[in-house]
Amino acid sequence: MIIKAKLLDIINRRIYPAEVNVDNGKIASIKEIETVADDAGYIMPGFIDAHIHIESSMMPPTEFARLAVVHGTVATVSDPHEIANVLGEEGVQYMLDEATRVPLKFCFGAPSCVPATTFETAGAHLGTESVKRLLDKKDIGYLSEMMNFPGVLFNDSEVIAKINYAKEIGKPIDGHAPGLKGDDAQKYFAAGITTDHECFTYEEGKDKAELGIHILIREGSAARNYNALHPLIKEFPKQIMFCSDDKHPDDLIKGHINLIVQKSIKLGYDLFDVLKAACIHPVHHYNLNVGLLKEGDSADFIIVKDIVSFEVLQTYINGECVAKDKTSLIHHLPSQIPNVFKVNPKSPEEFSIKATTSKVRIIKAIDGEIVTQSEEGELEIINGNYIPSIEKDILKIAVVNRYKENEPPAVAFVRGFRLTQGALASSVAHDSHNIVAVGVSDEAICTAVNEIIQSKGGVVSVNDSGESSRLALPIAGLMSPIDGYQLAKQYQTVDRWTKEELGCKVKAPFMLLSFLALPVIPSLKITDLGLFDVEKFTFTDVAI
């Protein structure tokens with residue numbers, strides 16, 4: 001196969017007409033020629049997501065690949081942390097096996113923190129020996145994000161053993177240290193951790209970049225830090241990569257890393273600096289088996305219409321055309337359905353909160369962020385129980401343990417969803433993926449939770465009349481086996497119903513909901529064990 005196009009030689013910072021000869025899945029030769037057709041487009045290395053949880057797309061790797069290649073994505077650096085929290089090593093192996101069925105190049109990591117903390121109940125525990133077994137696999141490329149930064153700072157023996165083993169066998173170690181600065185940041189990264197995707201201010205990103213850390217600028221469905229961090233592209237061009245972290249199916253249909261590239265070019269950043277972040281740096285940092293459009297490389301490349309919109313015309317992996325004219329050429333494949341859901345149905349009474357004072361702590365959810373704030377408020381008390389307030393936007397939030405039959409729910413209060421009726425619930429609840437729900441009443445929350453239990457996973461919204469819109473996620477309670485494009489439509493239906501029927505004003509309500517149970521991100525969260533103050537790293541009371 002011979003392709004004639006304008007070649008974007010990112011490494012040597014050149015653009016020139018070229019004839020690229022592809023033979024047996026490899027780049028056999030590249031010849032500079034005098035001219036190419038005006039509409040030939042530009043040939044360049046493919047885009048790489050430098051940090052993503054495939055499970056958060058609600059699709060198994062096979063379906064994720066079908067959607068991603070349309071946008072020029074040829075590879076991902078993927079942390080199977082979510083399914084590991086549900087199914088342990090079995091879950092990681094499921095992702096590895098599924099990934100082999102499609103051409104997209106997945107680099108999976110060994111989850112370092114399962115569970116992320118001892119302050120929640122997960123479905124599995126990956127100790128030092130489990131992590132070593134995973135790291136020893138040839139298709140595991142790195143040690144995934146080290147969320148337990150206190151464990152690093154205080155030399156926790158298990159944490160240090162995992163880090164040291166990754167260093168011993170020469171595999172990179174990803175960071176996860178939101179807000180960490182100064183001496184603590186220096187000690188954390190000195191342990192051998194080389195990346196961070198959790199910077200949410202320019203100052204934090206700059207401080208970490210000055211330590212030599214690779215900054216992954218994140219633009220996902222829940223957390224969008226690009227607007228805060230993009231000046232780092234110019235200031236630290238050798239240390240920047242792009243990632244989505246979490247990408248819901250409706251967003252993935254619209255675009256992927258190509259959108260970050262497009263945005264960066266419109267802001268006037270250097271073309272080659274941007275493309276190195278999107279295409280080159282992840283390959284070098286993670287030792288990916290991805291071609292960079294050089295002779296002898298795997299034929300992994302894309303053809304784009306121009307270098308402004310970066311509209312993807314064709315995507316090739318190992319010399320195979322996997323997407324053309326905005327259509328995926330990867331076929332839908334049936335998937336296995338591993339899962340664990342042991343919880344029994346709940347009753348409304350289990351979601352009541354006994355009152356001791358009128359003042360309560362409130363989780364302030366912030367649209368577009370995974371960090372929260374801690375607020376205070378006053379609520380009416382009826383029959384000895386706190387009553388949520390739609391007028392004050394103080395609603396109930398509950399987390400239900402899905403790994404044990406009859407554990408009582410943890411219940412607290414949240415502000416930010418602005419529901420006018422009903423409840424929404426999800427079994428996608430980082431990191432342990434218990435059931436999380438927000439609603440205006442105990443009855444609505446209970447109905448939503450029980451629908452999730454009945455489906456053995458999913459997302460659901462219910463109104464005060466008991467009508468509902470839902471999407472089942474039977475693969476580990478995280479993913480669906482159906483066609484990815486159908487999944488995206490179903491998810492859009494539930495999302496739209498949640499906004500129109502329940503009055504929710506959040507851009508991505510289920511993504512925001514999923515992070516309220518994450519006790520490693522500041523500042524006030526809730527797990528199945530109770531309300532958690534992340535700043536003090538301890539549980540706290542609802543009543544003040």
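Me: What is the strand order in the open sheet of five strands?

Reply: Keep in mind that this is a predicted model. Start with the general idea: strands of a sheet pair through backbone hydrogen bonds, either parallel or antiparallel. Here the order is β5-β6-β7-β8-β9, and the pairing is parallel.

Me: Which are the edge strands?

Reply: Look for strands that pair on one side only. Those are β5, residues 47-52, and β9, residues 173-175. Neighbouring strands in this sheet are also turned against each other, by 25° on average, direction ignored.

Me: How many bridges join β6 to β7?

Reply: Four, with the strands running parallel. Strand β6 covers residues 73-78 and β7 covers residues 105-110.

Me: How far does α13 reach from its first C-alpha to its last?

Reply: Compare the span with the expected one. The 16 residues of α13 reach 23 Å, close to the 22 Å expected at 1.5 Å a residue.

Me: Where does α13 bend?

Reply: At Ala277, by about 50°.

Me: Is α13 mostly covered or mostly open?

Reply: Count its buried residues, meaning those under 20% relative accessible area. In α13, 14 of the 16 residues are buried, so by that cut-off the helix is mostly covered.

Me: What is found at the start of α13, and what follows the helix?

Reply: Check both ends. At the start, a side-chain oxygen of Asp270 comes to within 3.0 Å of the backbone nitrogen of Phe272. After the helix comes Asn287, with a positive phi near 55°.

Me: Back to strands. In which sense does β4 pair with β1, and in which with β13?

Reply: Read each pairing separately. Strand β1, residues 2-9, pairs with β4, residues 42-45, in the parallel sense over two bridges. Leu7 stands opposite Ile43 of β4. On the other hand, β4 and β13, residues 301-304, run antiparallel and are joined by four bridges. Tyr42 has Val304 in β13 as its bridge partner.

How values were computed: Residues are numbered from 1 along each chain as its sequence is written. This is a predicted model: local features need pLDDT of at least 70, side-chain atom pairs count only at pLDDT 80 or more; totals for chains, interfaces and linings use all residues. Side-chain values use heavy atoms; hydrogens and water are left out. Two strands pair if DSSP finds at least two bridges between them. Axes are lines fitted to C-alpha atoms, for helices over the stretch in contact, and angles run from 0 to 180 degrees between N-to-C directions. The expected span of a helix is 1.5 Å times one less than its number of residues. The bend at a residue is the angle between axes fitted to the seven residues ending there and the seven starting there. Buried means under 20% relative accessible area, exposed over 50%, partly exposed in between (1.4 Å probe, protein chains only). A polar contact is a pair of N or O atoms within 3.5 Å; within protein, one must be able to donate a hydrogen and the other to accept it, and residues adjacent in sequence count only if both atoms are side-chain atoms.
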